[in-house]
Amino acid sequence: GFMISFSGILTFKKAEDLRTTAKWVPSDLLLIETDCPFLAPIPFRVKRNDPSYVVGVARCIAELRDVSVQQIGETTTANFNRLFSAG
């Protein structure tokens, strides 16, 4: 009954264990988030985080899973909708 969400930390150089986890989390449990205003993904690391940077997290997961960013977006959007309509 839970989902796993990844933020900009996933893109940090020393987050290899987290990237390994993101690669293997089942797609139906996967979410992405911004952690705004903190922890902006690379290459925005020193800037204030912004919701538009979530695409960097999606891009990282897409590369790890060898799928398109669009597929990650569709998957995480469907998971978000399922999570918040499950009430």
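**View 1. Contacts and burial in the protein chain of a predicted model.** Among contacts (heavy atoms within 4.5 Å) between residues at least 6 apart in sequence, 61% join residues at least 24 apart. Of the 87 residues of the protein chain, 31% count as buried; buried means under 20% relative accessible area, exposed over 50%, and partly exposed in between, with a 1.4 Å probe and protein chains only. This is a predicted model, in which local features need pLDDT of at least 70 and side-chain atom pairs count only at pLDDT 80 or more, while totals for chains, interfaces and linings use all residues. Residues are numbered from 1 along each chain as its sequence is written, and side-chain values use heavy atoms, with hydrogens and water left out.

**View 2. Elements and dimensions of the protein chain.** Three helices and two strands make up its secondary structure, in the order β-α-β-α-α from the N terminus. Helices (H or I, at least four residues) and strands (E, at least two) are DSSP runs, numbered from the N terminus. The C-alpha atoms fill a box of roughly 35 × 25 × 25 Å along the principal axes. The radius of gyration is 12 Å, which agrees with the value near 12 Å for a compact globule of 87 residues; it is taken over C-alpha atoms, and the globule rule is 2.2 Å times the number of residues to the power 0.38.

**View 3. The ring pair of Phe44 and Tyr53.** The count of aromatic pairs comes to two. Rings of Phe, Tyr and Trp (its six-membered ring) pair if their centres lie within 6.5 Å; planes under 30 degrees apart count as stacked, over 60 as edge-to-face and the rest as tilted. Phe44 and Tyr53 are stacked, because their ring centres are 3.8 Å apart and their planes are at 0 degrees. Phe44 is partly exposed at 27% relative accessibility, whereas Tyr53 is buried at 15%.

**View 4. The ring pair of Phe80 and Phe84.** This pair is tilted, with 4.8 Å centre to centre and 45 degrees between the planes. Phe80 and Phe84 are four residues apart in helix H3 (residues 69-85), so about one helical turn separates them. Phe80 is partly exposed at 42% relative accessibility, and Phe84 is exposed at 60%.
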